[in-house]
Every structure is written in structure tokens, then in C-alpha cells.
Amino acid sequence: MTNSFRTLDNVDVKGKRVLVRVDLNVPMDGGKVTDATRLERIAPTITEISDKGGKVILLAHFGRPKGRDDKNSLKPVAASLADVIKKPVAFADDCVGDVAAKAVGAMKDGDILCLENTRFHSAEEKNDPAFVAELAKLGDIWVNDAFSAAHRAHASTEGLGHKLPAYAGRTMQAELDALGKALDAPTKPVIAIVGGAKVSSKIDLLENLVTKVDALVIGGGMANTFLHAQGVKVGKSLCEKDLAATALRIIDKAEASGCAIILPVDAIVAFHFAANTPSHAYGLDAIPDEGMILDIGPQSIERINAAIDDAATLVWNGPVGAFEMTPFDRGTVASAKHAAARTKAKKLISVAGGGDTVAALNHAGVADNFTYISTAGGAFLEWMEGKPLPGVEVLKK
């Protein structure tokens with residue numbers, strides 16, 4: 001996949017001012033970073049450029065500020081990044097203008113500088129050409145290492161790729177390689193597991209996947225909409241009844257494409273939406289009128305695991321039950337552990353992404369055993385929907 005993109009293998013960074021777009025949008029509490037996963041992901045790109053004598057100038061956004069706002073400053077994140085990469089990270093109080101120019105001008109080869117939040121300027125999200133030109137003055141080349149922001153055509157995520165020689169960073173490269181192996185040029189058969197609460201948020205995703213995969217498992221609250229469309233009574237379960245026609249259209253499209261749709265055949269039902277509330281397994285022909293489907297049942301777990309056994313490649317987005325609450329995490333955990341075991345045995349390529357998915361796989365204790373886990377939310381979803389990502393397109397050879 002990355003054969004079609006320019007990477008750090010294609011450039012000599014020594015002595016160059018390298019503008020590196022990274023994802024520093026990390027969770028914070030009381031001025032401290034509470035999860036450094038994204039910082040750890042970008043470390044290889046930063047240290048490689050620094051070790052090879054490039055001047056590393058980091059561009060990133062944080063939060064959704066409306067103008068300058070100290071609550072969204074990158075200063076404390078830069079300090080945490082220095083701890084992660086074990087190198088000093090200088091900080092400049094703006095990303096353009098005299099402040100940024102002076103800070104960049106003072107850099108020596110191998111130095112690392114973090115510029116202030118690009119979104120303090122409204123021109124960033126507008127991809128304003130004048131703002132792009134201001135950013136471009138600070139660098140000789142541009143490296144995009146923020147796949148998670150690649151679905152946005154902003155100044156620092158896409159615009160710079162038209163002004164400066166553009167390359168994929170190592171995190172971006174790893175992501176593109178993994179995604180290429182999952183859907184663009186996969187080892188077949190391919191299975192996708194798509195869960196989560198609502199069909200409405202994943203219509204484009206489902207429509208694209210049924211044309212790409214051999215089997216599609218639908219779980220979570222979404223499955224209830226499909227079951228309802230087929231005449232199954234789902235009681236008081238989360239269900240978008242107005243999308244029944246959409247669900248049937250997706251089923252028809254899957255059939256026409258030779259994609260098997262795998263829906264639950266039994267369910268874990270409770271009468272209250274709360275952890276550890278009494279629950280029982282029911283067949284789909286016996287869901288109580290007052291009951292809520294909160295997880296897949298044991299027969300459904302067996303069906304999913306059998307489908308995983310038949311697959312060479314797995315793409316996963318979304319939990320198959322209300323995994324945040326015990327015991328309704330059982331279905332997600334069981335299938336996640338099964339996929340992880342197959343991956344570990346070198347019988348499966350497994351790629352997962354999306355916030356809830358990452359949380360669910362961490363909860364199951366198997367995140368490290370998947371082939372690749374994407375920390376990109378919206379960009380991962382848009383890639384799965386088959387949409388071109390502006391921040392990736394601009395890196396193509």
C-alpha cells in the first residue's frame with residue numbers, strides 16, 4: 001500500500017526544517033496527560049528525524065477552541081511528549097508570525113520544537129491559502145504523521161502538502177500498510193465485525209463493506225434494527241425502526257455482492273439498563289415485550305467465532321453488546337479473545353479501529369494481540385466507508 005506514497009525513506013532530512021503534523025489531541029486531567037498512547041505512536045517519527053539531523057517542528061491541534069484559549073494550549077502536552085521521547089521539546093507560543101519564526105530560527109540540527117495549537121487560528125480549519133503560506137515559510141518539507149486528522153482538509157493536515165515536498169511519517173505509513181492489508185488488497189476470505197448503537201451513523205460504512213468483504217457480522221444495538229426489519233420482535237431494545245427499509249436494502253446489496261450477513265440468533269435480555277441487573281438468554285422468537293437486548297447470546301458467540309475461524313482477514317469496528325456494563329461485555333470479550341488467539345497463531349490478520357472498539361479490546365485484554373489497532377476515530381470510519389482522505393491523497397506519488 002505505501003509503495004504508492006512518499007515516505008521518510010524517500011528524503012534526506014539532515015539540516016532540513018521538517019514540519020511534522022502530529023496528533024497531540026490526548027486526554028488531559030488537571031494539566032496532566034492521562035493516556036499517552038498517541039504520544040507513543042508518534043515517537044518513532046520524531047526521534048528518527050531528530051537522530052538524522054532534521055529540525056523537527058511539530059504542528060498539531062488540541063480540542064475545539066474558538067480563538068486563543070489557554071485551556072487548549074499544547075504547552076503541557078509538549079512537556080509530556082518530552083518525557084515519552086526522552087528528548088527536550090521546546091515550545092513556541094504561536095504557530096505562525098514572529099514568535100514561531102524566531103523559535104524555528106534558533107533551532108540546531110536534531111532539535112525538536114512544538115508550535116502552539118493550530119486551531120487558535122480560524123484560518124486553519126478553513127485551509128486558508130494565506131495561512132498555509134505562513135506555515136510553509138517555517139519549513140523545507142512537510143511530513144504528515146496524523147492519520148487521525150487525515151479526513152479533514154485543513155491547512156496543517158492537507159494544505160501544506162501542496163506547498164512543500166510531502167511525506168508520510170512512520171505512524172501514517174504503518175496505518176496505511178495495515179489498512180491496505182485489511183480492505184484494499186486483503187488476504188481472503190475477509191470478515192468484518194461492525195457493532196455499536198446505531199445504524200444511522202454507519203449506513204455508508206455498511207454499504208461499502210458489503211461490496212468488499214465475504215462476511216459481515218452486525219452486532220450491538222444496530223443488529224436490533226436489522227432483526228426488526230426481518231420481523232423479529234425486539235421488545236424495548238434500542239432500535240431505529242424508521243431505518244427498517246435501509247436495513248433491508250443493505251441485506252439485498254450484500255446478497256447481490258456475495259457477502260454473507262451474520263446477525264444474532266439469540267440474545268442476552270434484561271429489564272433494566274444497568275450493570276449486573278438480572279439477565280437471561282432468549283431465542284429471537286421469545287424476546288419479552290418489556291425486555292431489552294443488551295448482548296449477543298452464547299449461540300451467536302459460537303457463530304461469530306466460527307466465522308472468524310473461516311476468515312484470513314478481520315476488520316472490526318464497534319462492540320457487539322453493551323460492553324461497558326458487566327455482564328453485557330461477554331459477547332464482545334469472547335469474540336475479541338477468539339480473534340486475538342487466531343492472530344497470535346498466525347492464522348488471521350486482524351485490524352480494528354474506532355474509540356469504542358479500542359476501549360473494548362483493551363477491556364478484553366487483547367489489544368496487543370491484534371495485528372493493528374487504529375487510534376483514529378473519524379478517519380478510520382471514513383476510510384472504511386471507502387471515502388478518499390484529503391491528508392492521505394496529498395501524499396501520493
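## Sheet and covering helix

Axes here are lines fitted to C-alpha atoms, and angles run from 0 to 180 degrees between N-to-C directions. On that basis, helix H6 (residues 170-184) runs at about 110° to S17. Helix H6 lies across S9, S15, strand S16 (349-353) and S17. The model is a predicted one.

The sheet under discussion is open and has six strands. Their order is S11-S10-S9-S15-S16-S17, with parallel pairing. Strand S11 (260-262) and strand S17 (372-374) form the edges, each pairing on one side only. Neighbouring strands in this sheet are turned by 15° against each other on average, direction ignored.

## Strand S9

How many bridges join S9 to S15? Five bridges link strand S9 (residues 190-194) with strand S15 (residues 313-317), and the two run parallel. Ile193 has Trp316 of S15 as its bridge partner. Val194 is bridged to Asn317, also in S15. S9 also pairs with strand S10 (residues 215-218), in the parallel sense, over four bridges. There, Ala192 stands opposite Leu216 of S10.

Buried means under 20% relative accessible area. Five of the five residues of S9 are buried, so the strand is largely enclosed by the rest of the structure. In a regular strand the side chains alternate between the two faces of the sheet. In S9, Val190, Ala192 and Val194 point one way. Ile191 and Ile193 point the other way.

## Nonpolar cores

The largest nonpolar core has 76 residues. Leu115, Phe147, Leu160, Leu209, Leu216, Phe226 and Trp383 have the most contacts inside it. H6 gives the most to this core, with six residues. A second, separate core has 29 residues, including Leu8, Val20, Ala78 and Ile112.

Beyond residues up to four places away in sequence, Phe147 touches several partners, among them Met172, Glu175, Leu176 and Leu179. Ser374, Ala376, Phe380 and Val392 are also among the residues that Phe147 touches.

Leu389 sits in the loop between helix H13 (378-384) and helix H14 (390-393). Is Leu389 buried or exposed? Leu389 has a relative accessible area of 4%, so it counts as buried. Leaving aside neighbours within four places in sequence, its contacts are Phe147, Ala150, His151, Ala379, Glu382 and Trp383. The C-alpha atom of Leu389 is separated by 31 Å from that of Cys239, and the two residues are 150 residues apart along the chain.

Cys239 is also one of the contacts of Asn224. Asn224 lies in helix H8 (residues 220-229). Asn224 counts as buried because its relative accessibility is 3%. With neighbours within four places in sequence set aside, Asn224 also contacts Val234, Ser237, Leu238 and Ile293.

## Packing of H1 and H2

Two packed helices are described by the angle between their axes and the distance between the axes. For helix H1 (residues 37-51) and helix H2 (residues 75-85), the axes come within 10 Å and cross at roughly 70°. Angles of 65 to 115 degrees count as roughly perpendicular. H1 and H2 are therefore roughly perpendicular to each other.

From H1, the contact uses Leu39, Glu40, Ile42, Ala43, Ile46 and Thr47. From H2, Val77, Ser80, Leu81, Val84 and Ile85 take part. By class, this contact has eight nonpolar, two polar and one charged residues.

Note on methods
Residues are numbered from 1 along each chain as its sequence is written. This is a predicted model: local features need pLDDT of at least 70, side-chain atom pairs count only at pLDDT 80 or more; totals for chains, interfaces and linings use all residues. Side-chain values use heavy atoms; hydrogens and water are left out. Buried means under 20% relative accessible area, exposed over 50%, partly exposed in between (1.4 Å probe, protein chains only). Contact means heavy atoms within 4.5 Å. Two strands pair if DSSP finds at least two bridges between them. Angles under 35 degrees count as roughly parallel, over 145 as roughly antiparallel, 65 to 115 as roughly perpendicular and the rest as oblique. Ala, Val, Leu, Ile, Met, Phe, Trp, Tyr, Cys and Pro count as nonpolar, Asp, Glu, Lys and Arg as charged, and the others, Gly among them, as polar. A nonpolar core is a set of buried Ala, Val, Leu, Ile, Met, Phe, Trp, Tyr and Cys residues joined through side-chain atoms within 4.5 Å.
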